[in-house]
Amino acid sequence: MPGVQLTWLGHAAFRFDTPSGKRVYVDPFLTGNPKCPASEQQPERVDLILLTHGHGDHVGDTVDLAKRHGARVIAPVELRDSLELRHGLEGGAGSDPNKGGTVDADGVKVTLTDANHSSSDDELNYTGEPVGLVVDVEGAVRLYFAGDTNVFGDMHLIRRLYEPDVAILPIGDHFTMGPREAAVALELLGTQRCVPCHYGTFPILRGTPDELRELAPDVEILAPEPGETVEV
Ligand SMILES: [Zn+2]
């Protein structure tokens, strides 16, 4: 089975193409993201957008991209409602799960997991609870995007239930876990590969992939530069 080419767009933003050719964005904070390459800020194609929570550094360009490209947006129910009510997002039928629920978007199965963080829009309106995402990419690979979170013991349930192949974890510290907690998260998840994110965007997000490598020597830490692609 071919792998999936995962491109880091800086911060917690990613894109990848599915084996059948759909282009998927996760937390597309593109314009305004100091680490997103200029060449990535105006996507030529967007089919599906997945969101973890309502903070501006994750929702990013979602509404604009959805309107421009007709992309489907899957987001936790209150965040989805908020984007519809306040920002005119359309086409929400079936795209508003909550934790424990799975949406099958034409072979991309998206399951919402727990995450320990907060969630609101830029005006501090409620946007539901933050989530992580387990994404089964047409049977090719299972990716776990932790979203913004600390480490928590129930990550072992994510392992037991979904057995993700790759963990995409925040490591920047301050607003999320840093490398020390991420190393324990990898123990709980049992994944052999990790793509760190949510670091280096601003000086305060100080955790580094090298720190994580030291603390999790048995895990392959893939650390692309913003705009670079890794096969997962
Ligand atoms: Zn964040």
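User: What does E129 count as on the basis of its relative accessibility?
Analyst: This is a predicted model, in which local features need pLDDT of at least 70 and side-chain atom pairs count only at pLDDT 80 or more, whereas totals for chains, interfaces and linings use all residues. Residues are numbered from 1 along each chain as its sequence is written, and side-chain values use heavy atoms, with hydrogens and water left out. E129 has its place in the loop between strand 7 and strand 8, where strands (E, at least two residues) and helices (H or I, at least four) are DSSP runs numbered from the N terminus. Buried means under 20% relative accessible area and exposed over 50%, with partly exposed in between (1.4 Å probe, protein chains only), so at 46% E129 counts as partly exposed.

User: What distance separates the C-alpha atoms of E129 and V77?
Analyst: Not counting residues up to four places away in sequence, E129 touches T52, P76, K99 and S119, a contact being heavy atoms within 4.5 Å. V77 is 52 residues from E129 along the chain, and their C-alpha atoms are separated by 9.1 Å.

User: What is the site of the zinc ion, judged by the angles among its four donor atoms?
Analyst: D57 (OD), H58 (NE2), D148 (OD) and H198 (NE2) coordinate the zinc ion at 2.1 to 2.3 Å. Donors are N, O and S atoms within 2.8 Å of the metal (3.2 Å for Na, K and Ca), and water is not among the atoms, so sites may look incomplete. Four donors count as tetrahedral if all angles lie between 85 and 135 degrees, while four count as square planar and six as octahedral if opposite donors are over 155 degrees apart and all others between 65 and 115, anything else being irregular. Here the angles run from 89 to 168°, and the site is irregular.

User: How many residues apart are D57 and H198?
Analyst: The donor residues of the zinc ion follow the spacing D-H-x89-D-x49-H in sequence. D57 belongs to helix 1 (residues 56-59) and H198 to the loop between strand 11 (193-197) and helix 6 (209-215), so that the pair links distant parts of the chain, and the separation is 141 residues.

User: Is H198 buried or exposed?
Analyst: H198 is one of the residues that coordinate the zinc ion, through its NE2 atom. Because its relative accessibility is 1%, H198 counts as buried.

User: Which strands stand at the edges of the open sheet of seven strands?
Analyst: The sheet has mixed pairing and the order 6-7-8-9-10-11-12, two strands being paired if DSSP finds at least two bridges between them. Each edge strand has a single partner strand, so one side of each is left without a neighbour in the sheet, and these are strand 6 (102-105) and strand 12 (220-221).
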